[in-house]
Amino acid sequence: MEKRFPPPHDNLESIRQALFHTQDLTTRELSRNGRDALLVYLHTLADGEKIREGILDPLLSTEDKPVMEVITSAQIKKEADLNRVNSGLLLGQVVLLLEGVQECFLIETPSLFKPNISEPDNEKVIRGSHVGFVETLSVNLHLIRKRTENRHLTVRYLTIGKMTQTKIALVYMHNLVNPDLMKEIEKRLHSIQADTLLSPGFIEEYIEEKSFSPFPQMLNTEWPDRVMGHLMEGRVALLAEGSPTALIAPVTFNAFYQSPDDYNSRTVVASFMRVIRFISFFTAILLPAFYISVVAFHFEVIPVELVFPMKSSVETVPFTPLLEALLLELTVELIREGGIRLPSPVGQTLGIVGGLVIGESAVQAGLVSNTMVIVVALTALSSFVIPSHGMGASIRFLRFPFMFLSATFGFLGICFGLLYLLIHLAKLSPFGTPYFSPATPLRLRDMKDTLIRLPIWKLNRRPVDAEPQKLTQERYSRSGNMAENKVSITQGQFLSLILHTQFATSPLSLPYAVATPAKADGWIAVLLCGVGVQIALLLLWALNRRFPSRDLFDFLPRLLGKLPGKVVTAGYIIFFTLTGSTILILYFGIIHSWMLPTTPKWAILGLMVLAGMQLVSGNLRIMARLYLFMSGLILLLVLSVSLVYLDPYTEVNVHYVMPIGQIAGFMNLLKGAHESVFALLGFELILVVYPFVEGSATGKLKAASLANWISTLLYSFLTLTVMLALSPVEMSLIPEPLIYMLKAFTYRLVERPDLYFLSLWSILAFSSFSTYVYLASLGTARLLNRSFHRKWVIGICLAGYVLALLPQGQHVVDTWIQIVTWSSYGFILGLPLLLLLISILAGKKEERGVTP
């Protein structure tokens, strides 16, 4: 059904409402034959010169003739349908409204903007449009408008800069953008009170959240096609007068690795290039650091065939690997910067000749090795692969901190450097959007256009990271508010929390610990302990189920009274802190024995404690997302141990564990199960995390039980593997048999896999330590009646750090473990059982929210 015009004076408001009050809608009032008239058009599409010469001048000079005879435009027609009038405006037509006339006139006046056809120098493409933005705001808006004839495309103008009075435009799709996002962006823009604002770079620094982050939090582009693509996903573009650059927000890490060419190429080719770009991210950051680590610390990982060539290459170099790498890296940066500042032909010549001459001369002079030249060249090429100039510059900067870490800690420094980087990226949420979305939080539907690009017809759903109003063409949906009022985690994230907390130092020493009392039946003792843990888990779940929206520290005072509740809360804080400190002690013992024997204890532990502070200072959701993202490390651990079955020099003897269940006796199996308790600790976090987990009570129990049995079965598998490979005599002599077996494994280009294994395993130990820091800091906040735990993270970390520095000698460490193990019986079994009985007998429970 057609929508007819109201009286003429109300027509303008109808058009404005239909176009959502976009501010590039221009009106011109005039009078003709004593009657009011209005010219309405979009100045970003219509040609102002044509309007003046072909419409305004004739209308004002000849008032006695009909409009159709006065206006000489090639196309002019009457129209009474509002929808068609709006469509005409979006095509660049001018609407003429006359008082007393029910219909309006649509007049063709398309703009003849002729922007510079050259493409942006810093964003080259092969296929697709080669028209980029220019330095005139109206032309840039015209280029965007011409790419979609949609009335929802809205423009908002602002003037910022007290002295420069810089005009900027916010462009968005009204039916897609998150209103909360628009309010936040406008709020930040209006808060700018600076005198000078010359370019979008100024605006970016004023409105971004983490100014000292090396990673860009808004996407810079000069391509209208790229801007339009992001607008159609519910994002906002910001353009400024005098600059060809548009800023896009919010964006994720993946956006910086997407190129317009990806959508004009075959899906397989585009996906391959995406993978190359993501590989280049790690190559550009880690390759020099890896080389420094190998030469300075871990020469054993080099295959025998390459040892002598590398040795002859580096033995004449007078500098340390770090200074050698810095010399070449800084030289490359100088050549690159010089090539940019010089005229194009001269700059290209400088880059080619300078690189060849300086590299060759440095090698001949013996200042650097051939291998280092290759490493630096590959690193430079990798940094240039990244489509975004801002991200490429960040990557070039980040390689230097990694070089210093590797020169100090070797592979361990690289792993913790990556850990720091990953934590920083997990905590970045520009405009409320997780920077690592959709990898964390994991959204498989949104993975269609990330590491790989599926066919265009498969991309039928908008990413939810920008929280668009419309996810599909069939229905409207909101993914939630930009601000996360309540911290909650999914059941999958809950499962990963328990798994990462349980997989700490125990996988390496558990076979030796259980073999002492249970002998070859140690793997059965682990299973027996898993059964006991499951029973304890049911007890904890039953207690939490009576208080579904409260954690342990909330319902303790309700059951025991205020003062006793605080005393028990303090006891739990001490228990969690001691457990985290014990993890640090065991972690150092293994790293010191097998990897870094000369590195001081305070440095190795400080590396982990600093990372823990950074992670736990966030909320539980950030930790859960990070753990879920790193869950593949557990599978990697199991696969690494499985290599023993491929080693031809390792004899797997089934007779070592025969007859099954009859070697140790029941009492010794119980003692072995006792030794396994520390390995399976971590399930007790259900006492604190339960109210934050989404879903039903049954679903939470299933997730926790699944995590427990995954850990139990994996521990049992690892223990059985060791006992099949090592004789009982060997088992009694080797405290960390898994590392011993891995160290002995060799295969072609793989030497000393235990060094790689320990570096990656350190992240699992870090996860477990961080969880206990979180539990202790949250308990401290509750004990002191504070809402947030962040203020107490540093204190808990320092307490655990100091305690870990104290023990010396294996006997003291064993005593420490036994203290934590026996304490766990009281805090995880005894007290929860007492609390459950009090709750049942006294009839104390939380009625609201109990899920059957």
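The model is a predicted one, in which local features need pLDDT of at least 70 and side-chain atom pairs count only at pLDDT 80 or more, while totals for chains, interfaces and linings use all residues. Residue numbers start from 1 along each chain as its sequence is written, and side-chain values rest on heavy atoms, with hydrogens and water left out.

As for the overall make-up, the protein has 31 helices and 10 strands; helices (H or I, at least four residues) and strands (E, at least two) are DSSP runs, numbered from the N terminus. Of its 852 residues, 55% count as buried, with buried meaning under 20% relative accessible area, exposed over 50%, and partly exposed in between (1.4 Å probe, protein chains only). Contact here means heavy atoms within 4.5 Å. Among the contacts with a separation of 6 or more, 76% come from residues 24 or more positions apart.

Now to the helix pairs. Helix α26 (residues 697-725) packs against helix α28 (residues 737-744) at an angle of about 60 degrees, and their axes lie 10 Å apart. The two helices are therefore oblique to each other. The crossing of α26 with α28 is left-handed, which is the label used if the near helix is turned anticlockwise from the far one by less than a right angle, with right-handed used if clockwise. On the α26 side, Leu718, Thr721, Val722 and Ala725 take part, and they meet Pro737, Leu738 and Met741 of α28. By class, the residues of this contact come to six nonpolar, one polar and no charged. Ala, Val, Leu, Ile, Met, Phe, Trp, Tyr, Cys and Pro count as nonpolar, Asp, Glu, Lys and Arg as charged, and the others, Gly among them, as polar.

Helix α19 (residues 552-560) and helix α20 (residues 562-594) cross at roughly 145 degrees, and their axes come within 7 Å. This time the crossing is right-handed. From α19, the contact uses Leu552, Phe553, Leu556, Pro557 and Leu560, while α20 brings in residues including Lys562, Pro564, Tyr572 and Phe576. The residues of the α19 contact with α20 divide into nine nonpolar, two polar and one charged.

On the strand side, there is an open sheet of five strands in the order β6-β7-β9-β10-β8, with antiparallel pairing; two strands pair if DSSP finds at least two bridges between them. The edges are β6 (153-160) and β8 (219-221), each with a single partner strand, so one side of each has no neighbour in the sheet. On average, neighbouring strands are turned by 25 degrees against each other, direction ignored. Between β6 and β7 (residues 166-173), the antiparallel pairing runs over eight bridges, and Thr159 has Lys167 of β7 as its bridge partner.

Leu543 sits in helix α18 (residues 522-545) and counts as buried, at 0% relative accessibility. Leaving aside neighbours within four places in sequence, Leu543 contacts Phe555, Leu559, Leu687, Pro832, Leu835 and Leu836. Gly88, in helix α4 (residues 82-90), counts as buried at 3% relative accessibility.

Note on methods. Axes are lines fitted to C-alpha atoms, for helices over the stretch in contact, and angles run from 0 to 180 degrees between N-to-C directions. Angles under 35 degrees count as roughly parallel, over 145 as roughly antiparallel, 65 to 115 as roughly perpendicular and the rest as oblique.
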